[in-house]
Amino acid sequence: MNPLQFDYSAILKLALPETILVLGAILVLFIDLTVMRGRDAADRSSVLALVSAIVSIIGIFVFQFLPKTGSVLDGMLVLSPTTVLVKQCILVFAALTALISWRVRFTEHIGEYFALILFATTGMLFLSSAQHLLMLFVSLELTSLSLYVLVAFNKESRASAEAALKYFLFGGVAAAFTLFGLSLIYGIAGSLNLETIAMNLSGKEPDLIFYVAVVMALIGFGFKIAVAPFHLWAPDAYQGAPTPAAAFIATGSKVASFYILLQVLYVGFGEFAGDAGGGHFESGWQPVLAIFATLSMVIGNLVALAQTSVKRLLAYSAIAHGGYALVAVMANSVDGTAAVVYYSVTYGLATLGAFAVVGVVEDQCGDDSMTSLAGLKERSPVLALCLMVFILSAAGIPPLAGFFGKFYAFTAGVKSGSPDLGLIWIVAIGLLMSAVSFYYYLQVLKQAMVLPSAKNAPAIHANPVVLLVIVLVAISVILLGCFPTLLLPDTGVAVGVLSSG
Amino acid sequence: MSNLPFLTFITFFPLLSAVFILLLNSRMSGMNRMAAMGSSFITLLATVVVWLNFDPQSAAMQFVQRWDWIPSIGVEYHVGIDGLGLVMIMLAALLVPFALFISPGGEGKGYYSLILFLQTGLMGTFTALNFIHWFVFWEIALIPAFFLIKNWGGRGADRAAIQFFVYTMVGSIALLLAFLALFLAAGRLESAHPFGFLELADLARSGELSSALSVSLSSFDAFTTERGLMLFIFLLAFLGFAVKLPIWPFHTWLPQTYAEAPTPVTMLLTGAMSKMGAYGLIRILLPIFPKEIQALQTPLLALALASIVFGAAAALMQKDLKRMLAYSSINHLGYVALAVFATVAFTFDESTAVTERTAALNGAALQMFNHGITAAALFGFVALIEKRSGGARGMDDFGGLRKVAPVFCGLMGISIFASLGLPGLNGFVGEFLIFKGVFGLMPWAAVFATPGLLFTAWFLLNMIQKVFNGPLIERWKEFPDLTAKEILVVAPATALMFVIGIWPQSVVGVLNESMKALASGLGN
Amino acid sequence: MLTWTIYISFLGMALLMCLPKERPQLARRVALLTASLGLVVALIGASAFKPDGGIQTLVDYSWIPTLGIQYNLSVDGISLSMVMLTAIIAFVGVLFSWNIETRTKEFFAYYFALIGGCYGVFLSFDLFLLFVFYEIAIVPKYFLIASWGSTNREYGAMKLAIYSFAGSALVLLGIIAAYVASGANSFSLVELAQHSFSEGQQAWMFPLVFVGFGVLAGMWPFHTWAPTGHVAAPTAASMLLAGVVMKLGAYSCLRVAMTLFPLGLQMWSPYLGALAVTGIVYGALVALTQKDFKFVIGYSSVSHMGFVLLGLLSLSQIGLNGAVLQMFSHGIIAGLLFAVVGRMIYDRTHTRVLNDLQLMQLRKTLPFAAIVFVIAGFASMGMPGFSGFVAEIQILIGAWHGFSAYAILAGIGVVIGVAYTLRVVQKAFYPDKTEISRAELKPMELEPITIQEKVGAVILLACTVVIGLFPGVLLDWIIPAFESPLFDELRKGVGQ
């Protein structure tokens, strides 16, 4: 590829939102260094949060005016309506994360903090639209590195540092796996572009090296989406990281990672899915995912039962939900794509909301154990109600979004094996584990809604901006649950279908 | 005249009166009592009118009323009476005012309304011709009986009441199950009224019923034949009546219940409620299950005989007057059962068979009526004794009452002799007809029943000896004789005993045609 | 029109959430208004209903086209009977909850969320929508019991919620399987019913869905949540739970499992029928031994629901009619029994131990409660003249037709029912004179029965008596409903 032959205007057009984000990050740093110099950290953070949020929202709008399809640089940036939707959702998460960081006090490096958020977002955006292995890796690294640092941002907490270190080490190893796997694939298929890879490999009999490569790549992805058995970093990271950072990892990063997983598997290796259906096993990536999914659903839910810290509980529940979403990935169909997008976004919303609430409580009470939630109904009825919405959505109770997400994911999974309902066994496990999960979700709600508050429990006064965000997210969870079509991508145009230029 | 809803009236009027009394805000039990008595007299009057308008020559159901209640399951409100029914409603109509009068007074309005409520149940069962309709009243009669026993009874009344209720319920549920099975079978035969007694009897006669039954209850095929299945259903139905009558060995609830219940209630229990069982045997069981009764004739007769003999023997050993009379009831009703079971005997000579059967059935029905009157009278006297003695009613407590209360002993003596079966009094006719019929159909059964007569005579005479004759116990020196009011109440009953004894045709006349029709329907 | 029952309930819930919490009386009034409106709407809808018109669609919007999910609310005779039941119990339940003092508005908010869910299940003819409403009904139950309940409430609430949720997980599996296996991109009950699933598919889908729903219906041996939960729950919640919510399970067994998988029904009915009969007898036997008044009623509910299930599984038309009638009848009667035990007695005496109640001479201090309970007890026994009798004889006829042995066992269950009912009537109101001496009697000064309780009790009594004497009122809805094409396959497999 000759750089001189690049059509820079085309690139710029398609990558405009990402450009805006980078510029926004620089702007944030600039403002922090100049205008806000010497001000109080809380003040700085409110201003910069606003700026970051505005930047993200501008990005969302820009997408509306951009063409919805397009491809540049040999597949490094491929747009389709679904991809655009995913990118917009990532930007929403970025904005929300920025807003719940209003008036943070755990660090003095406010400008860097928000800049890192924006950089991570940029990485996620590029990740979602990458159909080129190299681009994939680069954006993956951009995202990961930014997130590693964000996790460590609370210098006053040892847990934060430990979490970040764990995250970094695990992430580094996983990145190595990914890179190695991807390079093997390049070696086998002779191209870095997913579609070309698919073409080159089509019809060929896959050999051992190929499987090794795919599995290694999957390991790397598995780490990123925090599914078992690559989940061990997640509970510590979620608990130790400052709340907004944890929220961001659980939301934006997950959405992007799931989406790129879909891209790689469907576009690149669609043919080699294999079959994990009961009764007719065929080797491929579907059985591998089946193993990850089952492990996640079981381990995530069972270990969550034993947790006393709400954040860790949410972490394990996230692992379990990763398992459920993997069922949709296994579907290898248009429904699967739609289901994964819907699931990851709505689960992200619910998690972000839950983290925000827990963060507020933690700020005022000092720890994030379940008992500190006691009596939330009296101390702050609005927060308690919103928490109920988020937790019930995670539990999968209609008419909230989490229910439809799970439903769609499972239906997509079963449909894919039709007419003999091949994947029904994994759906059965999933439903059984959901029933188990109901128990610990109810425990959280019991604390918040049923039990009386401790004698000297402090009243909870949430920051109005944070409160507003929480309420808006709760409303959106309800709305998306009642009218899922608002978020379902037009499944007539699926990911990677030969529609890019 | 036959078109006016008399039967509905005599069934529901007591219920309305009961509600009226409940709503009556009067504290004076006198007022409640009068209202109840008034209501029962009106009912009695209506029943007399029915009797007078009854056509004894016709064997068909009269005063019929019929409308659809729950069409989807063939439940109708279907009432009608033939001779048997007429005699029964007359009995119920006579006993209730008697019981009300014998009540000592001061019981409160609950008591009076419950007794009237009970009357509704009685009238309902004696006039119903559709099973569910019949069953409703059969069950409903239990509720007032339960409360009457429990709340106004003796020391052990609570336990007795529950025992009574649960025992009867077991039988009732078995009966219900049996008829639900028959409903299925009749429905399969496209019967228009699968719960109707007359319709079911027709189907049974033609033999279609049992084959339809075995098709409907096909899951029983593995266990038994068509005959066996019908027998099983028969046994279920039989259980219900056996408990109510009661027949040995299903009688164990009776002595306790009769003893603990307040005496007026015992009067109704023995006089009327037990007749519900007997009535059911004749009206329901016999027409629908003649072949089954025939198949099991020997064991059934044995049970009847056991009731007769053991009932009387047990009565002999009692010291408590009430218990003695309770066992005596078992004995007297055993005769009814004996007659009913004997009627299906296999005979060679069809023409005489019908006569014998008619005789047996007439006797059974008459015995029911007579026992009702007599037993009621006897319990009435016991109630009077209780009232005067302050509760004591053991035989050994008394002696030589004849000296201080000659009228009392005289009238009670008449009732005792009637119960014994002395010719000239009503008891004799019933027992005579029964023995005549049974002897003609199953001679050995009649023979084995005779010890019962002996035992009965023995204990009754014993009672006379102990209570009336003998040395006067100090305590009873002041035992008051019958007051004029009391004589006024007891006299009609005593008179009836003579009337029926001398002129049995008064009752048998209305019975005969219906019983003959029933008997001819039995065939072989 | 009938759909407004759902919307009014949820609107009521929203309104209640916004009320200030210091004004319980206002909350009560709003609740009563909501329940009354619901009842009025139900009555209007009932009068407009045409019994011979089959399934009458009320609303049908395309909701999620990708999966063929419609927002479809319709009504047939069976649904209508259940809606009436819900409306009546909802109204009466508010009356019996008049004395809730703590967090009143929250209580009624959850209450109406539950009611709205119930209405929704009975009116949904799209499988997805039905499931949504079914699940919506689970969460409020937890909070009602955990926050306002009595004995062991947290445990009881959790057990109830987990069991319900687990049952619905089974159901969801079955629903997804049915949807995918049918190939038709639709969740409409009518369309799915027309599809014939293969025998092999029905062999596992039927028990999965039936048992899943059966858990909520109190099917033995998955019934253990019911006594614990009902006892723990506050009175109105018990009334709703035993009266209406258990019927959600049975109704859905009929509406979903039996309608979609008639072959599966035939295959499994002997075995599931055995479970039903076991429930009848077991529930009755255990009720006989209980020391706590409310536990007796709780177990009696398990026993009565066993009758419903027996009727459903009897493979006979009469049995089906009886089952639906029994759903209504038991709903009313259970409501009545819990009202007496919970509201009239427990809220005043603060004990439910029968031996303690024996000493309190409740017949003299609470005569109204005594009379109501005695009448309700006879109704519960299946005495003629009350709604339970007509329902039970139909079920017994159905059982005779299906599996005669079950009929006999069920008959035994009825007798045991008589025994335990008499036992509690005796212990609570008419103590055995031989067992206690005068000296032990401790009559208490108890507050008189309020007008709300009286009205509520009278309404329920009237319902059971009216249906007992004129069952045609409901049977005229129920019997034609089974004639509709929806039940064609079911009717083919069923006799008489």
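Predicted model: local features only at pLDDT ≥ 70, side-chain atom pairs only at ≥ 80, totals over all residues.
Local features require pLDDT of at least 70 and side-chain atom pairs pLDDT 80 or more, whereas totals for chains, interfaces and linings use all residues. Residues are numbered from 1 along each chain as its sequence is written, and chains are lettered from A in the order in which they are written.

**Exercise 1.** Determine how helix 2 and helix 5 of chain A are oriented relative to each other.

*Solution.* Helices are DSSP runs of H or I, at least four residues, numbered from the N terminus. Step 1: the axes, lines fitted to C-alpha atoms over the stretch in contact, of helix 2 (residues 16-33) and helix 5 (residues 110-128) of chain A lie 8 Å apart at about 175°, on a scale from 0 to 180 degrees between N-to-C directions. Step 2: helix 2 of chain A is therefore roughly antiparallel to helix 5 of chain A, a term for angles over 145 degrees. Step 3: the contact (C-beta atoms, placed from the backbone, within 7 Å) includes A:Leu21 and A:Val28 of helix 2 and A:Phe114 and A:Leu118 of helix 5.

**Exercise 2.** Determine the relative orientation of helix 13 and helix 14 of chain A.

*Solution.* Step 1: the axes of helix 13 (residues 310-330) and helix 14 (residues 334-365) of chain A come within 9 Å and cross at roughly 175°. Step 2: helix 13 of chain A is therefore roughly antiparallel to helix 14 of chain A.

**Exercise 3.** Identify which helix of chain B supplies the largest share of the side that touches chain C.

*Solution.* Step 1: the contact takes 31 residues from chain B and 32 residues from chain C. Step 2: helix 7 of chain B supplies the largest share of the chain B side, 16 residues.

Key:
Contact = placed C-beta atoms within 7 Å. Helix = DSSP H or I, 4+ residues; strand = E, 2+ residues; numbered from the N terminus. Parallel < 35°, antiparallel > 145°, perpendicular 65-115°, else oblique.
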